[in-house]
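Please look through the sequence and the structure shown below.

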2 protein chains.
Amino acid sequence: MVKPLFKAMQVLRIVCESSQALTLKDITELSEIPKSTVYRYLYTLIAMDMIDYNSNNETFSPGLGLWWLMQSADPFSKLRQVSSKERRSLMRKFNETVNLGVLTGSEVLYLEIVESARSLRMQAQPGARDDIHSTALGKVLLAFRPRSQWEALIPEKLVRHTDKTLVQRNEVLANLEEIRRTGFAIEYGENEDGATCIAAPILDSNGVSLAAVSVSAPSSRITDALKKEIIVELSKCCAIIENKFIRDIPNSAGR
Amino acid sequence: MVKPLFKAMQVLRIVCESSQALTLKDITELSEIPKSTVYRYLYTLIAMDMIDYNSNNETFSPGLGLWWLMQSADPFSKLRQVSSKERRSLMRKFNETVNLGVLTGSEVLYLEIVESARSLRMQAQPGARDDIHSTALGKVLLAFRPRSQWEALIPEKLVRHTDKTLVQRNEVLANLEEIRRTGFAIEYGENEDGATCIAAPILDSNGVSLAAVSVSAPSSRITDALKKEIIVELSKCCAIIENKFIRDIPNSAGR
DNA sequence: GCTTGCAATTTCATGTCATGAAACCATATG
DNA sequence: CATATGGTTTCATGACATGAAATTGCAAGC
């Protein structure tokens, strides 16, 4: 474990996670690392373009270097690109918000959101996270993982978000079984009151979920007929993405 | 200048810029840093989630940590989000590819591209770069910068991309003046044969270009009438984005 | 204009710890 | 079985990261 590297990354993280540009003093305090040390880290990171220095107000902010790194490194960029058209057309079809998410750690991560044009619509920011057990996206992602992961990711004690949240581990596990059978997840206000969400998985060639797509809308708008239609279109959409993705993948099958 | 940090960043960069996952040996050779040192860097970076280790084939690839950093740090995320709907609707209006770009260093950087659905269409990848002097996007971005920057960014010797490329500095400077007067740039096959591109700037409150939007299409499809229409719609689009962006900005006016 | 305060730089003696050669280990290949 | 290849660990060495403290630079207050 290389200490200067470790500490410098903390500094970088602090700079990146702050919404405002920070001064040396700020960073020193937040990181609890001596001033002169932080100073040298910053200096080095600036030389590498990881951090920008604004000489007007003597503040530090995230630099373009990171962006360059991501440009080639973003593990989801293929997924996003490949799926972008399908998700957009799905959004237009029902005029409801369409989300793309993946499992990270024990949460769902929203990668990208195509918002509907309606004024009453579901809203979230890319990068936001939610619990697995209370979202259709989360449950469908987990359902299509090896069952050995289920127990690890669904703890005994589950956070209640609304009246309808499943807080019993057994309930959730049963739900996962059903999702795995039917191929999609549906959730009525378990995560947020009045919000319904329908999700389907994007699977790799082994049948393990890579990502999932969901349509989320105010419960009031989701009639039974519409629900059926959404499920059909959503499944179609995911199947197409799956296909595209698998055909596109050879370049990531290294050496 | 903190050496371990500096070298570790090189390693990180190598891992990120490679299209395949690399082995320790690969990285050692590419970075020309001793094996054991690279090993420790990698180990540390893995602990920080900046790099992923795949134990199956003993390879290293970019990790999620970077993605998290970018999530909050991406200097263009606001611009992208704020402009996304306008650019999409512009694409639909003419069914031609719409680009969003910024100036970095002495090149144009394509931030995001909304592709038209036509089979003959302009294509580029986000993160791609082009010369300033041969693209509408580049010229419009530079035209709306202080004139003092013009000379610095337009060298005496200009690279010729096609028959039509302006390779005389004076020609380009005159062109910039005109663009500044008219408010948009148009380019017929100066960068690529048969490709026409029309661009307009997104300006900050001082009239300096932050970014630019362009419509690019095969020259054969761009009639005079269509050209005029595109210019009108493109200008409208940019004006709307400008407005949204300026209204949204307060949170980035730090401390 | 002088002083005071605050934050950014720079200095420097100290000893930590990053370093890389070499040894070691695990696995594949002939 | 021998050999090679690449990953992992060890270890003595001294380079260099470190942080306290001094210095500079700037701005506000008196």
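Across the interface of chain B and chain A, four residue pairs are in polar contact, both residues being at pLDDT 80 or more. A polar contact is a pair of N or O atoms within 3.5 Å; within protein, one must be able to donate a hydrogen and the other to accept it, and residues adjacent in sequence count only if both atoms are side-chain atoms. On the side of chain B that touches chain A, at least two residues each come from α1 (3-17), α3 (35-47), β2 (59-62), α4 (64-73), α5 (77-94) and β4 (107-114) of chain B. Helices (H or I, at least four residues) and strands (E, at least two) are DSSP runs, numbered from the N terminus. That side of chain B holds 31 nonpolar, 14 polar and 13 charged residues. Here Ala, Val, Leu, Ile, Met, Phe, Trp, Tyr, Cys and Pro count as nonpolar, Asp, Glu, Lys and Arg as charged, and the others, Gly among them, as polar.

This is a predicted model, in which local features need pLDDT of at least 70 and side-chain atom pairs count only at pLDDT 80 or more, while totals for chains, interfaces and linings use all residues. Residues are numbered from 1 along each chain as its sequence is written, chains are lettered from A and ligands numbered from 1 in the order in which they are written, and side-chain values use heavy atoms, with hydrogens and water left out.

How many residues does each chain bring to the contact? Chain B gives 58 residues and chain A gives 59 residues, where contact means heavy atoms within 4.5 Å. The size of an interface is often given as the accessible area lost when the parts come together. Between chain B and chain A the buried area is about 4,900 Å², with 71% of it from carbon and sulfur atoms; this is the accessible area (1.4 Å probe) that two parts lose on being put together, summed over both. The rule finds one salt bridge across this interface, that is, a side-chain nitrogen of Lys or Arg within 4 Å of a carboxyl oxygen of Asp or Glu. The salt bridge joins the side chains of K85(B) and E115(A), at 4.0 Å from N to O.

Next comes the DNA. There are 17 residues around DNA strand D, and S36(A), T37(A), R40(A), Y41(A) and K3(B) come nearest; a residue counts as near a strand if one of its heavy atoms lies within 4 Å of it. For T37(A), a side-chain N or O atom is 2.6 Å from a phosphate oxygen of DNA strand D. α3(A) gives the most to the surface near DNA strand D, with four residues.

Around DNA strand C there are 18 residues, of which K3(A), Y39(A), T37(B), R40(B) and Y41(B) come nearest. Of the atoms of DNA strand C within 4 Å of the protein, 67% belong to sugar or phosphate and the rest to bases. α3(B) gives the most to the surface near DNA strand C, with four residues.
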